[in-house]
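Me: I would like to learn how to read the features of a helical model, one at a time. Could you take me through this one, giving the general idea before the particular case?

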Amino acid sequence: VTAWLNDTIFSNLGARLPAGYIDLALGFRPGTLGESALLIVLLGSLVLISLRLIRFAIPVSMLGTFMILVRVFGSGLPGEEVMTGDVLFALSGGGVMLAAFYMATDPVSSPVSKKLCVVYGAAVGTLTFIFRRWGACTESVAYAVLIMNVLTPFLEQTARASVLKRGKVAHHG
């Protein structure tokens with residue numbers, strides 16, 4: 001698909017799409033739906049957002065953190081140097097987008113407060129980057145979500161204790 005678009009449309013405009021990106025976005029490569037059909041995942045995500053079924057802070061902080069880390073440190077592809085990471089490629093495969101909108105936002109296992117949602121999302125994005133960049137497991141994003149799901153009660157308890165402590169200090173002050 002990319003070659004056809006380059007030959008018929010973009011060559012006339014003096015532009016060129018990198019090889020394979022359209023195939024990744026449309027799902028014309030082997031893999032599960034969430035790992036290969038980026039546009040379908042994004043369309044479903046828009047439905048979830050429009051129906052207010054997910055907290056938007058989680059995917060925004062997760063994807064934002066992940067994209068910054070990939071851009072700065074690279075995704076592990078050969079020849080990448082600092083500040084040259086291919087963010088679009090990193091987002092287009094491996095289920096990162098699926099996890100950001102469907103797994104990490106699970107209302108039962110994700111935090112309730114908006115501030116903790118941002119922390120949780122950023123932690124999932126960071127762990128996903130670390131596992132994908134330096135790890136050898138293919139399900140890195142799933143492990144990142146599971147680890148943070150296990151830590152969510154601890155985060156909420158710590159945040160609650162902090163709020164109570166500040167309330168007592170302000171009340172006695």
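Me: Which pattern does the protein follow when read along the sequence?

Reply: Helices here are DSSP runs of H or I with at least four residues, strands are runs of E with at least two, and both are numbered from the N terminus. Read in that way, the protein follows the pattern α-α-α-α-α-α-α-α-α, with 9 helices and 0 strands. The model is a predicted one, in which local features need a pLDDT of at least 70 and side-chain atom pairs count only at pLDDT 80 or more, while totals for chains, interfaces and linings use all residues. Residues are numbered from 1 along each chain as its sequence is written, and side-chain values use heavy atoms, with hydrogens and water left out.

Me: What does the C-alpha trace span along its principal axes, and what percentage of the residues is buried?

Reply: The C-alpha trace of the protein spans about 75 × 40 × 30 Å along its principal axes. A residue is called buried under 20% relative accessible area, exposed over 50%, and partly exposed in between, with a 1.4 Å probe and protein chains only; buried residues make up 34% of the 173 residues.

Me: How should I read the packing of helix 5 and helix 8?

Reply: Two packed helices are described by the angle between their axes and the distance between the axes. The axes are lines fitted to C-alpha atoms over the stretch in contact, and angles run from 0 to 180 degrees between N-to-C directions. For helix 5 (residues 57-73) and helix 8 (residues 114-134), the axes come within 7 Å and cross at roughly 35°. The crossing of helix 5 and helix 8 is right-handed, a term used when the near helix is turned clockwise from the far one by less than a right angle.

Me: Which residues make that contact?

Reply: Contact means heavy atoms within 4.5 Å. Helix 5 contributes residues including I58, M62, F66 and F73, and helix 8 contributes residues including V118, Y120, V124 and F129. The residues of the contact divide into 13 nonpolar, 6 polar and 2 charged, where Ala, Val, Leu, Ile, Met, Phe, Trp, Tyr, Cys and Pro count as nonpolar, Asp, Glu, Lys and Arg as charged, and the others, Gly among them, as polar. Among the buried residues of helix 8 are Y120, V124 and F129.

Me: What span should helix 8 have, at 1.5 Å a residue?

Reply: The expected span of a helix is 1.5 Å times one less than its number of residues. The 21 residues of helix 8 should therefore span 30 Å, and its end C-alpha atoms are 30 Å apart, which agrees.

Me: Which residues of helix 1 are buried, and which are exposed?

Reply: An α-helix has 3.6 residues a turn, so residues three or four places apart point the same way. In helix 1 (residues 2-13), T2, L5 and N6 are buried. They cover an arc of only 95° around the axis, taken from the directions from the helix axis to the C-beta atoms, which puts them on the same side of helix 1. W4, D7 and N12 are exposed on the other side, and what covers the buried residues of helix 1 includes helix 2 (21-26).

Me: Where does a positive phi occur in a residue that is not a glycine?

Reply: R52, in the loop between helix 4 and helix 5, has a positive phi of about 55° and is exposed, with a relative accessible area of 75%. M83, in the loop between helix 5 and helix 6 (87-92), has a positive phi of about 70° and counts as partly exposed at 45% relative accessibility.
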